[in-house]
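Please open the structure in your viewer and keep the selection tool at hand.

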Amino acid sequence: MRNSKLIKQFGLFVIASLFAINFNSCKDDEKDNTESNSSSTNYTCIILNQGNYSEANGSISTIDEKGNITNQMYKYVNAYSLASIIESGLIDRGKLILICNNEDKIEVLNINDFKTLFTIKGIVTPRYGTIADGSLFVTSVPDWNKQEGYVYKINMSAAKIDTFIKLDGQPEGIITQNGKVVVGEGSKVKVINPTTLAIEKVVKGPGALSAKHFIKDNNNNVWASFVGYDASYNATGGISQLNFSKDSIDNYTQLSNFAGEGHLSTNPDKTEILYRTIVGAYTPNEKSGISSYNIASKSEKEIISGDGFYGFNVDPKNGDIYTANINGWITNSTLLIYDAQGNAKSTDQTVGVGACRFLFQ
Amino acid sequence: MQNRLLILLIALLGSFSLLHAQSEKDSTQETELEIVDVIGQKKARPSDFSGASSFSVSDTSIEMQRHKSIADFLAQHTPYPVRQNGNGMMTTLSLRGTSASHTQVIWNEINISPLTMGQTDYSILPIYFFDKIDVYPGGESAIFGGGTIGGAVTLSSDADKPTPAKFTLETGIGSFGKKSAGFKSHIGNKKVRNKTALFINQCDNDFTFTYRGEEMRQKNASYFNYGILNETDAHINRWNTLGGDVWFTKYDRDIQPMMQNNDDPSKYEDISDQSAKVVLRHEFDKKAWHLRNKMAWINDREKYQGDLIATHDFSVLSNLRHKIYGTRFHTPPLIEIGGDIHYIHPEVYAYKEGTEEWRGSIFLLSQIRPTKRLTLRGNVRKEFVTDMTIPLSFSFGAETPTVIGKHVRWTLGGNLARNTKTPTLNDRYWGEMGNKDLEAETAFNLEFKSEAKATFQRYNIVIATTLYRNDVDNWIMWMPRGIIWKPINVDKVLARGVEWGVSQEFPIAKTSHTLKCLFNHSFTEIQKGFANMRPFIGHQMPLLPRNTFAGTWTARFKHADISLSGHYTGERTSSDIFDILEGYFLLDLAAEYNIVIHSKRERKHTHTLTPSAQINNLLDKDYQNIPFRGMPGRNVSFNIKWDF
């Protein structure tokens, strides 16, 4: 009899104590989470954190005018995780457009409050987008083992896919030039009529290098990156101005250690093209950097060197360079902000996983 | 500060419980405890040299829950986090803050962890084959072989147990189109014993889950599994035994897509895993000498989206154990020396043709009890791998069992170990991405344990607390290098924590009850030099909850058994420290009733019919074990078993 009383008392004590431990632990974590999610609407930069493919934990971080960072903005506002990785994004007329993979979707948010306005589904592996003729054009590569892809035209008013064109290569970067859609596809650049989706021009790149991304200079010329890897998987590639009148490239320049994705940006006056570099891709101490190419002098200059850079962008207001050490996608990224000369302004802020796209309004 | 408070609280809990138990001693009829030496009373196993507080699940519990997945089983019987990539999908286990590949799975003394990936998928280990599952956390697990930085899980059969002819047929159905059938036989006499087990499982796995507030039905998650195990032992004379084991399993599965991709067929994938194992055994047992020899061939074949990943592992193992009589020690010292050699031939589409690897090891295990109240253990192992130098592994431990009064036996123990892990075949040979310059991972493990056992008439209580610290150097991780990912040695990871468990057995009226509670608090911290994990400094490693709890209540009546088990997985983060995944508590209920039917002709021949029912996730909790992998709500299964 006495034993059974002992057992009861002991059992209750154990259970109560364990619940107390877990309850206290939860309360502390909730507090941390709330602090990291204090909302702000006056931001200077929107950071798209690509996320880790296996966890689909892409997210949005913002930086306000005081330099405060808010992470997990999407989840905080919409109550659910984005549940995708963010491949790219763009801002158009008060909308933040996220082009996402795994789940494949285009999520359109109100840029003022980050609430979802609508979601477009049905495009397999969407990659990059541009606005032309009031519509969103998105590249898509459904199967990386096949030399084919698509450009979709999306009606942003009706929030639906209008039509698409099938290409005989894998399209990647996309830009609007003089009302036409310019797409990098394999070793070629194609110019597409936004109304009819007819291919109006084909510009051949330098050899087998893949046309990746585009940027415009101060004369509104379009420059394209052409990148690839040599037999030893060392990064190789360069940039070239596109000459649409001759359907050719002008001034192709091979750049040192030009990195695989071929993303480009410019300084505020658009006289220099900035790009990412990688050195020692096969060593444990992979080094990356941001370099610039002066269009007038045709010279290269390294601005920043560091570790783990993936994406980057330049603040058009002041020329500050935003990038991040993505820490191998295994955890959060470390945000890195430098001035135009490469002097560090911020190097110890933590943002989401795979911080790669830095958008400025 | 919070960690210290928590550890203090747990220590107080342990002390309080212990004191509470002791306070009863004067008013009960006493059963005097003795420190007894059990070594040599059972079949020789490397675990005889372990002082770790292992988590052991015997055949009774396995019988009750044989229809569960081994993942659910481990979650309920250990305090360690089990990761499931969906219901019935790939499942891994992490011990004490280490990675899944740091825990090795040992079947009848043979390491069956995959050589390519390194991490064991527990969802393709059929619980139906085994009679005993033990989890040995900590560095001392090197006694089972290399790679046991986190610990080892041992799976064993009781084919060596004398038994009359016994046959079991069973079948079951359950929610989501689950169907299962199995057959087991134990046949034997004094000279020959044989165990055979066959199973077949099928499940549509089309449960419902909630995603963004909407209920969805799971697609592309069905599976079909079958397998056979045969174990035979023959005593060819007084001292020698020959045996052979054959294992074959086939698991064909859809890969459950992430919740957000449930309606997107472009994300549907499937996988097929086949495993064949053949082991020939010889044992010689004469007085103080015991020799075990084994030859094994293990062939694992995985087909993922048409690509083949397979290995052939040919091995020879030999262990010689000697009990040294005639010393002044309290019990005869026990030593065991042995070695093994493996030839590994991979068939992996991404490896260069002609890739092969030799591995081997030699070891010495020892245990001495100089006095009644002191046990000392020392183990050392040296591994050899083609074109690699593997550091020496060792462990040294001591235990001091003390009897307090007539009711309580209190054991204090400690262990210092260095353990190593050879890079996996994928780490070394995967196309351009493999890295032959990798070094072996090494870990220093330090642990202290306190275990109090108290007995008051038929009431037994065991309270165990273990504090541990595990420093891993050269941790191997796959990191992006340009357009490819490559395995590299990162610098240092430190895991530390406390495990606390209470187990009680007691009768009420004519029933017997077992109440077991296990709690684990672990903090796995990133140390200097591991630059890529810098944002995690001061935070727990991703997907590892700080707190886990497992509790099981089992009641045995005359012909009926009831089991209620719950486990809590605490909050954890994804790889993003700001992305917090909710903790969850699951409760399962199982019951079975034994109907004994006596043969009319001969009373000693009885048949037993055992209908059983299980309700899993009794509270219908909506939860995710891994981000965006749906898990089923409340579900049931019914089984009927016929023993004859």
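Begin by selecting strand β4 (residues 85–92) of chain A: seven of its eight residues are buried, so the strand is largely enclosed by the rest of the structure. Here, buried means under 20% relative accessible area, exposed means over 50%, and partly exposed lies in between (1.4 Å probe, protein chains only). Strands are DSSP runs of E with at least two residues, numbered from the N terminus.

The model is predicted: local features need pLDDT of at least 70, side-chain atom pairs count only at pLDDT 80 or more, and totals for chains, interfaces and linings use all residues. Residues are numbered from 1 along each chain as its sequence is written, chains are lettered from A and ligands numbered from 1 in the order in which they are written, and side-chain values use heavy atoms, with hydrogens and water left out.

Two strands pair if DSSP finds at least two bridges between them. Select A:Ile86 and its bridge partner in β5(A), A:Cys100; then select A:Ser88, which stands opposite A:Ile99 in β5(A). In the hairpin of these strands, two residues lie between β4(A) and β5(A), and A:Arg93 takes a positive phi near 45 degrees.

Now widen the selection to the open sheet of four strands in chain A, with the order β4-β5-β6-β7 and antiparallel pairing. Its edge strands are β4 and β7 (116–120) of chain A, each pairing on one side only.

Move to chain B and select B:Arg96 and B:Glu447, which form a salt bridge with the closest N and O atoms 2.7 Å apart. B:Arg96 lies in the loop between β3 (91–93) and β4 (103–107) of chain B and B:Glu447 in strand β24 (residues 441–456) of chain B, so the pair ties together parts that are 351 residues apart in sequence. A salt bridge is a side-chain nitrogen of Lys or Arg within 4 Å of a carboxyl oxygen of Asp or Glu. B:Arg96 is buried at 3% relative accessible area, and B:Glu447 is buried at 7%.

Then select B:Lys195 and B:Asp131, whose side chains meet in a salt bridge (3.0 Å, N to O). B:Lys195 is buried at 1% relative accessibility, as is B:Asp131 at 10%.

Finally, select B:Arg469 and B:Asp471, which meet in a salt bridge (3.1 Å, N to O). Is B:Arg469 buried or partly exposed? At 37% relative accessibility, B:Arg469 counts as partly exposed, whereas B:Asp471 is buried at 12%.
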